[in-house]
Amino acid sequence: MSDILVIDDEQDIRELISDILKDEGHSPRLARNSQTAFSEINHAEPDLIILDIWLKDSEFDGIDILKKTKQDNPAIPVVIISGHGNIEIAVAAVKQGAYDFIEKPFNIDQLLVVVERALEASMLRRENKSLRFSEPANCEMVGQSPAFKSLKGQLDKVAKTNGRVMLSGPAGAGKEIAARYIHTNSPRSEAPFVSVNSASIGPEQMEAVLFGSERDGTVQPGLLEKAHGGVLFFDEISEMPLETQSRILRVLVDQSFTRRGGHDTVRVDIRFISATTRDLQAEINAGRFRIELFHRLNVVPVTVPSLADRSEDISLLAAYFLKQLNTMQGLSMRSLTEEALTQLQIMAWPGNIRQLRNTLERLLILGPDSGPIQISEIPQDEGTAATSEAGGDLTSSMMLLSLREARLAFEIDYLRAQIDRFKGNISQTAKFVGMERSALHRKLKTLGIAGQMDND
């Protein structure tokens with residue numbers, strides 16, 4: 001069923017076309033002049049407009065309405081109906097953007113054919129628009145850790161609704177992937193997903209980017225219009241200028257706005273998803289973020305965990321990224337040795353998932369074309385090793401050992417270091433490590449390092 005707006009000053013014609021369209025399962029709306037026509041369009045964008053050229057008691061005639069519609073709502077197909085003496089005008093209207101024209105008195109079958117073709121063309125344009133504005137980006141969620149399962153469970157719930165979501169978490173944790181996952185699994189999945197990073201746009205450009213602009217009759221649509229019907233993702237929402245925050249608040253309330261330099265009301269249907277790395281309550285207290293906007297956007301707060309909170313997922317993420325980099329960028333398909341994977345698992349990742357992916361990409365670019373990735377290839381300055389409760393570094397080689405093997409390796413390294421420290425003097429070494437001289441001799445013999453000690 002399609003929403004079709006019929007604009008004609010003759011009541012009999014309006015009602016006749018309305019009855020025909022209803023019989024075909026469509027939902028017609030009626031307007032008798034430009035005033036009621038623009039009111040209907042602003043209320044809700046129709047799928048198709050059937051427009052008479054001559055309109056009595058109207059501020060604008062059909063050609064003016066066509067021009068205005070194509071300027072503000074270029075995706076709406078317009079079918080012109082005209083009397084016999086207006087064929088040249090009707091042809092000119094087609095050149096100005098009308099889909100087709102029908103001559104009065106019209107044939108019902110002809111009307112229906114033109115209507116169906118216009119609706120089909122409109123649907124194809126909407127699909128192309130969706131493809132154009134839905135950036136091809138990954139939204140696959142990877143992991144098995146408790147923190148990951150908790151996150152995915154929350155995202156699955158909110159995806160089914162139209163609620164506004166506020167994603168919080170450290171940089172690189174995957175907030176945009178989470179936003180795209182919500183969009184892909186929502187009823188709006190076929191509509192656009194438009195992303196805007198509030199930190200990357202200067203305050204002087206922000207309003208034009210979001211709301212669009214009008215100048216000398218030229219309309220430049222903004223991101224709000226491009227996201228119509230779909231999702232607008234505000235990344236780093238805390239960076240949005242206060243003036244823009246006020247206007248966005250009005251959009252959330254009214255679902256409408258005016259372009260910069262314009263006067264006409266533009267109505268939109270958008271789901272808002274926001275993300276932040278900052279404490280918005282602290283930003284509110286500092287006067288940098290409007291509390292009213294916070295409450296409007298923070299309907300469903302979701303925390304995206306850091307990689308440190310889901311370190312169990314590093315092996316799955318690494319395998320996924322290596323395969324993705326091979327498929328999408330043509331890089332060599334390499335795996336990780338057990339030692340290399342263990343090194344990744346014990347490293348700290350302040351840049352979170354993004355840093356892990358970038359590291360793997362660099363390893364594939366700079367490393368050999370074949371063979372597994374060795375621990376020696378992993379940059380030592382990429383991150384710091386994880387530490388024990390006592391503050392000691394846990395090396396990847398140590399992490400591969402059983403407790404018994406690790407204890408034995410530690411004893412050998414420890415006693416060798418003490419031997420070197422005391423120049424092989426058994427008495428001084430035994431006194432320092434807290435062992436009887438004879439017991440130390442037996443321990444060193446068991447460990448195979450007795451030959452390094454003096455007899456003193």
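## A selection tour, from surface to core

Start by selecting Glu 120, which is partly exposed because its relative accessible area is 48% (buried means under 20%, exposed over 50%, and partly exposed in between, with a 1.4 Å probe and protein chains only). Before you go on, note that this is a predicted model in which local features need pLDDT of at least 70 and side-chain atom pairs count only at pLDDT 80 or more, while totals for chains, interfaces and linings use all residues. Residues are numbered from 1 along each chain as its sequence is written, and side-chain values use heavy atoms, with hydrogens and water left out.

**Stop 1**

Glu 120 sits in helix α5 (helices are DSSP runs of H or I with at least four residues, strands are runs of E with at least two, and both are numbered from the N terminus).

A word on how patches are built: members have over 30% relative accessible area and no salt bridge, with like charges joined within 9 Å and nonpolar side chains (Val, Leu, Ile, Met, Phe, Trp, Tyr) joined within 5 Å.

**Stop 1: a nonpolar patch**

Next, select Phe 410, Tyr 414 and Phe 432, which form a nonpolar patch on the surface with about 300 Å² of accessible area together (areas come from the Shrake-Rupley method with a 1.4 Å probe, and for residues only the protein chains shown count as cover). Phe 410 belongs to helix α17 (residues 403-421) and counts as partly exposed at 49% relative accessibility.

**Stop 2: salt bridges**

Side chains of opposite charge can pair when their charged atoms come close. Here a salt bridge is a side-chain nitrogen of Lys or Arg within 4 Å of a carboxyl oxygen of Asp or Glu, and the count comes to 21 salt bridges.

Select Asp 52 and Lys 104, a salt bridge whose closest N and O atoms are 3.2 Å apart. Asp 52 lies in strand β3 (residues 48-52) and Lys 104 in the loop between β5 (100-103) and α5, so the pair ties together parts that are 52 residues apart in sequence. Are these two buried or exposed? Asp 52 is buried, with a relative accessible area of 4%, and Lys 104 counts as buried at 17%.

Move on to Glu 225 and Arg 259, whose side chains meet in a salt bridge (2.9 Å, N to O). This pair links distant parts of the chain, 34 residues apart: Glu 225 is in helix α9 (residues 223-226), and Arg 259 is in the loop between β11 and β12 (265-267). Both Glu 225 and Arg 259 are buried.

Then pick Arg 334 and Glu 377, a salt bridge with its closest N and O atoms 2.8 Å apart. Here too distant parts are linked, 43 residues apart: Arg 334 is in the loop between α13 (314-329) and α14 (338-346), and Glu 377 is in the loop between α15 (352-366) and α16 (396-399). Arg 334 counts as buried at 2% relative accessibility, whereas Glu 377 counts as partly exposed at 22%. Finally, show Asp 8, Glu 10, Asp 52 and Lys 104, which salt bridges with shared partners join into one network.

**Stop 3: an aromatic pair**

The structure holds 6 aromatic pairs (rings of Phe, Tyr and Trp, the last by its six-membered ring, pair if their centres lie within 6.5 Å; planes under 30 degrees apart count as stacked, over 60 as edge-to-face and the rest as tilted). Select Phe 211 and Phe 257: their ring centres are 5.6 Å apart and their planes stand at 65 degrees, so the pair is edge-to-face. Phe 211 lies in helix α8 (residues 203-211) and Phe 257 in strand β11 (residues 256-258), so the pair ties together parts that are 46 residues apart in sequence. Both Phe 211 and Phe 257 are buried.

**Stop 4: loops and backbone**

Select Glu 236, in the loop between β10 and α10. Phi of Glu 236 is near 50 degrees, a positive value in a residue other than glycine, and Glu 236 counts as buried at 14% relative accessibility. Pro 241 is found in the loop between β10 (231-235) and α10 (242-254).

End at Asp 313, in the loop between β14 (300-303) and α13, which counts as buried at 0% relative accessibility.
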